[in-house]
Amino acid sequence: MCLILLSIGMHADNPLIVAANRDEFYDRPASPLAFWYEAPQVLAGRDLRGGGTWMGIAPGGRIGALTNYRDPSSLKENAPSRGVLVANFLKGVESPRKYLERIRTSARRYNPFNLLAGDQSGLYYYSNRSDEIRCLDSGLYGLSNHLLDTPWPKVRKGKDALEAMLKRQKRVLPADLFDILMDRSLPPDHLLPDTGVGLEWERLLSPVFITGRTYGTRSATALIVNRSGRSTIAERTFAPPGEGMNRSFTRTYRLMLPQERT
């Protein structure tokens with residue numbers, strides 16, 4: 001994922017709401033949201049090159065999601081796929097904290113990342129750039145390709161839109177979150193970060209929804225959990241340019257995902 005918006009304990013009926021966009025090169029193969037054949041408890045999309053995933057859910061309230069940390073100067077050519085960090089958490093049984101403490105010991109093997117891992121005990125954040133494990137309290141959060149809540153324009157815009165929607169609506173639907181995730185407006189240059197990719201790429205990467213020639217938003221995911229644990233997860237995938245950018249396909253699953261926290 002390249003943008004994850006989180007609402008934890010901020011809506012009367014939905015203690016957890018996640019809205020996320022996955023941005024990637026169009027030629028990197030991926031499969032859409034589905035239950036995995038070899039791990040049928042896991043519901044996630046899949047990166048067909050690295051074998052991992054960018055976001056998914058599993059029984060016991062397990063939720064995992066990941067973004068890359070953008071710093072081209074620190075990339076390792078033969079580093080393992082970061083998506084396996086989400087996949088391994090979803091397939092396992094360790095608590096989020098124990099899992100993050102374990103991967104922390106080898107986290108420098110990977111290129112820079114931000115990882116969210118949660119279950120009934122809470123939702124945790126870890127980045128191998130800050131090397132801090134943090135349990136997220138109630139609140140609104142935004143995560144792109146820097147540390148949690150770094151105020152990049154897309155993060156601020158997404159959080160503001162999510163907050164306004166939560167105040168306005170008693171009932172939250174995936175379509176409401178997709179509307180937020182489809183924002184293609186460009187911020188002014190003076191608000192753009194300098195992450196080492198050059199101004200042209202900073203502009204391209206700056207909207208909530210990215211539409212480049214070779215790189216862009218490949219899918220959007222909406223997860224809505226109510227107080228009884230009934231959950232809706234929907235994924236909308238988008239055709240790349242040249243194949244009709246307005247063409248999309250949405251998959252929706254409804255299931256029980258316990259959220260009582262101890």
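For the charge count I took Lys and Arg as positive and Asp and Glu as negative, leaving out His and the chain ends. I placed each charge at NZ of Lys, CZ of Arg, CG of Asp or CD of Glu. On that basis the chain has 36 positive and 27 negative side chains, and the centres of the two sets lie 3 Å apart.

I noted that this is a predicted model, where local features need pLDDT of at least 70, side-chain atom pairs count only at pLDDT 80 or more, and totals for chains, interfaces and linings use all residues. Residues are numbered from 1 along each chain as its sequence is written, and side-chain values use heavy atoms, without hydrogens and water.

Next I looked up the secondary structure, taken as DSSP runs (helices: H or I, at least four residues; strands: E, at least two) numbered from the N terminus. The chain has five helices and 13 strands. Its radius of gyration is 17 Å, close to the 18 Å that the globule rule gives for 262 residues, so the chain is as compact as a globular protein of that length. That radius is taken over C-alpha atoms, and the rule is 2.2 Å times the number of residues to the power 0.38.

Then I checked phi. Most residues other than glycine have a negative phi. Asp131 has a positive phi, near 55°, and is found in the loop between β8 (122–127) and β9 (132–135). Asp149 also has a positive phi, near 65°, in the loop between β10 (139–143) and α3 (153–168).
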